[in-house]
Amino acid sequence: IEPLKKLSRAIAPVEKWLPQDRVPWVIAGPCSAESLQQMLATARGLVKSSHVKAFRAGVWKPRTRPNAFEGIGAVGLDWLKAVKDETGLPTATEVANTEHIELCLKAGVDILWIGARTTVSPFSVQEIANALRGVDIPVLVKNPVNADLGLWLGAVERLFDVGIRKLAALHRGFSTYVETEFRNPPNWQIPIELKRRLPNLPLICDPSHIAGVRHLVEPVAQMALDLGITGLMIESHVQPDEALSDAKQQLTPKDLCRMLERLRARNATV
Ligand code: PEP
Ligand code: MN
């Protein structure tokens, strides 16, 4: 516990790298970057909400099984840059290896995240950490797909140990063998315990991957707010049904902006 206390005290508050002047504050964008037009259209819709503080899109997609869309690749980074140039939103994408990191740093991506299928592998997390030694960039660490708090904490520690201080944990639920209403049940006790061990580590909730279906995104986001989690990452696509990944859970920018107004009306504090 002691090394974790030291770590917690040294973590940068989230407002050092992302404004938090609205509750909830949101990182939003498509599951996958698909085209420049899709990215710009989505971002133009999202930027209308003052809750949206950053734009996300996956360019390398870790799919559970082969023969699915595995991401557009590095050209997607140019599209993220185009979104930032037009809307001013900082950009975020998933990285899983050294090459991804080099390309993101060259392309000026503002925020990196480690995906749930990567957090399970200490070798991969250490490779990522080594590539980030001495780099000052915010990194969001998704929980591992399996319900293992130790792996989640371990990934945070590996990044901390190479000097990353702009860190946040990103809760996206845990895979399960049994049928549940959720795609990835939230097992709230795990993020709560993470927060108990690392009180200063910002905690963000990703209701999209917990829900797996559009109509559950709002209730899951509300549960996160009820637990005091004010930061959300939510997937949005201009034509959700046509999305190349996670079609069932993405919201149109318009629906997402409306949902944020409802959440604000129920939960406004700032
Ligand atoms: C994603 O954010 O689109 C993603 C692949 O998420 P996760 O790693 O949580 O499955
Ligand atoms: Mn997704």
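**Core, ligand shell and backbone**

The largest nonpolar core of this predicted model has 73 residues, and those with the most contacts inside it are Val 141, Val 156, Leu 159 and Leu 167. A nonpolar core here is a set of buried Ala, Val, Leu, Ile, Met, Phe, Trp, Tyr and Cys residues joined through C-beta atoms within 7 Å. A residue is buried if 20 or more other C-beta atoms lie within 10 Å of its own, exposed if 12 or fewer, and partly exposed in between, with C-beta atoms placed from the backbone. In soluble globular proteins, nonpolar side chains tend to be buried together. Leaving out residues up to four places away in sequence, Leu 159 touches Ala 129, Leu 132, Val 139, Val 141, Ile 164 and Leu 167; contact means C-beta atoms, placed from the backbone, within 7 Å.

Residues are numbered from 1 along each chain as its sequence is written, while chains are lettered from A and ligands numbered from 1 in the order in which they are written. As the model is predicted, local features need pLDDT of at least 70 and side-chain atom pairs count only at pLDDT 80 or more, whereas totals for chains, interfaces and linings use all residues. pLDDT is the predictor's confidence in each residue, from 0 to 100; the chain averages 97, and 99% of the residues score at least 70. For the complex, the predictor gives an ipTM of 0.99 and a pTM of 0.98.

Around ligand 1 are Cys 31, Gly 58, Gly 115, Ala 116, Arg 117, Lys 142, Arg 172 and His 209, counted where the C-beta atom, placed from the backbone, lies within 6 Å of the ligand. This shell has 2 nonpolar, 3 polar and 3 charged residues. Ala, Val, Leu, Ile, Met, Phe, Trp, Tyr, Cys and Pro count as nonpolar, Asp, Glu, Lys and Arg as charged, and the others, Gly among them, as polar.

Helix H10 (residues 214-226) has Val 217, Glu 218, Val 220, Ala 221, Ala 224 and Leu 225 as its buried residues. Their cover includes strand E7 (203-205), helix H9 (207-211), E8 and H11. Helices (H or I, at least four residues) and strands (E, at least two) are DSSP runs, numbered from the N terminus. After H10 comes Gly 228, with a positive phi near 90 degrees.

Most residues other than glycine have a negative phi, and most peptide bonds are trans. Asn 187, in the loop between strand E6 (167-171) and helix H8 (189-197), has phi near 40 degrees. The peptide bond from Val 23 to Pro 24 is cis, with omega near -5 degrees.

Conventions. Contact = placed C-beta atoms within 7 Å.
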